[in-house]
Amino acid sequence: MRRRIILLTLLFSTSVLSDIQQWQLWKQRDGVSVHYKKHESGIFEVQAEMVVPGVTANDFMALLSDTDSAPLWIENVTHVQVLKRLSPSETIVHSQFDSPWPVADRDMVSYSCYRRVNHTQTELMITAVTDFFEKSKGVIRITELKASWLLTETSEQGQSQLTIRHVVYADPGGAIPHWLSNKIGLKSAMHTLLALKQSLLDKSYQPNEQIAELGGCTQQ
């Protein structure tokens, strides 16, 4: 009996360790690191992380509220529009993507919710919504999406700093091969976080009056 328990414990520990080790480093650049692991679909789940000095979670959410500036830092995005505010912490958003040739353009309707994780961390969770906004002709709708922005506030020598971890899995749909969508996904994550970092440091955005507030999530 004891031998069986030990064996089960070892198997469980190995499984957990294997899951932790699934993330593989793709590239590091200017303080941004991008990792990936293969989803069962064959598409990469991507994790990008960086630390931005002198910045808070409120600064990040203020930047996010400026949808007009989204194309300046979100890779390949041409248009972002808040369709509906379900609550102070929840929104429905439409995003349009100008995909690089030969990939067809995409769009996405997403539900986002801003919640507190603990006393130093907040999280913006994002999932796809399939039937909230009419599809455009010639544009492929992304219907499988799970993403998050984990914001961790700390202090270094009296100065605030924000660790941003972005994790995203998205099936682009259509006939795009996985090797191409994976390549685009990795590059997009790197370029997006580098541009995001610069926008936060430069404060080159105009916050909207309705910035998402911490609250509950009705759609999970």
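Reader: Hi! What pattern does the protein chain follow, read along the sequence?
Author: Hello! Along the sequence, the protein chain reads α-β-β-β-α-α-β-β-β-β-β-β-β-α. Keep in mind that this is a predicted model.

Reader: Thanks. How many helices and strands does that come to?
Author: The secondary structure of the protein chain amounts to 4 helices and 10 strands.

Reader: And what part of the protein chain is buried?
Author: Of the 220 residues in the protein chain, 40% are buried. As for contacts with a separation of 6 or more, 56% are between residues 24 or more positions apart.

Reader: Nice. Which residues point which way from strand 5?
Author: Glu90, Ile92, His94 and Gln96 point one way, while Thr91, Val93, Ser95 and Phe97 point the other way. Both sets are buried. As background, side chains in a regular strand alternate between the two faces of the sheet.

Reader: Which sense does strand 5 pair in with strand 4?
Author: Strand 4, residues 77–87, pairs with strand 5 in the antiparallel sense, over 8 bridges. The two are joined by a hairpin through 2 residues. For a spot to look at, find Val80, which stands opposite Ser95 in strand 5.

Reader: How many bridges join strand 5 to strand 6?
Author: There are 8 bridges between strand 5 and strand 6, residues 106–116, and these two strands run antiparallel. Phe97 has Arg106 as its bridge partner in strand 6.

Reader: I have Met108 selected on my screen. Where is its place?
Author: Met108 sits in strand 6.

Reader: Buried or exposed, and why does Met108 count that way?
Author: Met108 counts as buried because its relative accessibility is 11%, and buried means under 20%.

Reader: What is Met108 in contact with, leaving aside neighbours within four places in sequence?
Author: With those neighbours left out, Met108 contacts Val93, His94, Ser95, Phe97, Arg141, Ile142 and Leu145. Take Val93 from that set: 15 residues separate Val93 and Met108 along the chain, and their C-alpha atoms are 8.1 Å apart.

Reader: Switching to pockets. How much space lies in the largest pocket?
Author: The largest pocket holds about 280 Å³ of space. Its lining has 17 residues, and Met125, Ile126, Thr127, Lys146 and Ala147 are the ones that lie nearest the centre.

Reader: Which strands supply at least two residues of that lining?
Author: Strand 6, strand 7 (121–128), strand 9 (144–156) and strand 10 (159–171) each supply at least two. Strand 7 gives the largest share, with 4 residues.

Reader: How do the lining residues divide into nonpolar, polar and charged?
Author: The lining of the largest pocket has 9 nonpolar, 5 polar and 3 charged residues.

Reader: Good to know. On to electrostatics: how many salt bridges does the structure hold?
Author: The structure has 5 salt bridges. One of them is between the side chains of Arg165 and Glu49, at 3.3 Å, N to O. That pair links distant parts of the chain, with Arg165 in strand 10 and Glu49 in strand 3 (residues 44–53), 116 residues apart.

Reader: What relative accessible area does Arg165 have? And Glu49?
Author: Arg165 has 33%, so it is partly exposed. Glu49 is partly exposed too, with 23%.

Reader: Which side chain meets Lys203 in a salt bridge?
Author: The side chain of Asp59 does, at 3.9 Å, N to O. This pair also links distant parts of the chain: Lys203 is in the segment after helix 4 (178–202), Asp59 is in helix 2 (residues 57–65), and 144 residues separate them. Lys203 is partly exposed, with a relative accessible area of 46%, whereas Asp59 counts as buried at 18% relative accessibility.

Reader: One more, please. What about the salt bridge of Asp30?
Author: The side chain of Asp30 meets that of Arg29 at 3.8 Å, N to O. Asp30 is exposed, with a relative accessible area of 55%, and Arg29 is partly exposed, with 40%.

Technical notes:
Residues numbered from 1 in each chain as written. Predicted model: local features only at pLDDT ≥ 70, side-chain atom pairs only at ≥ 80, totals over all residues. Heavy atoms only, no water. Buried < 20%, exposed > 50% of the residue type's maximum accessible area, 1.4 Å probe, protein only. Pairing = 2+ DSSP bridges. Contact = heavy atoms within 4.5 Å. 1 Å grid on protein atoms, 1.4 Å probe; cavity = no way out; pocket = protein on both sides within 12 Å on 5 of 7 lines; lining within 4 Å. Points joined across faces, edges and corners; volume = space filled by probe spheres on them. Nonpolar A, V, L, I, M, F, W, Y, C, P; charged D, E, K, R; others polar. Salt bridge = Lys/Arg side-chain N within 4 Å of Asp/Glu carboxyl O.
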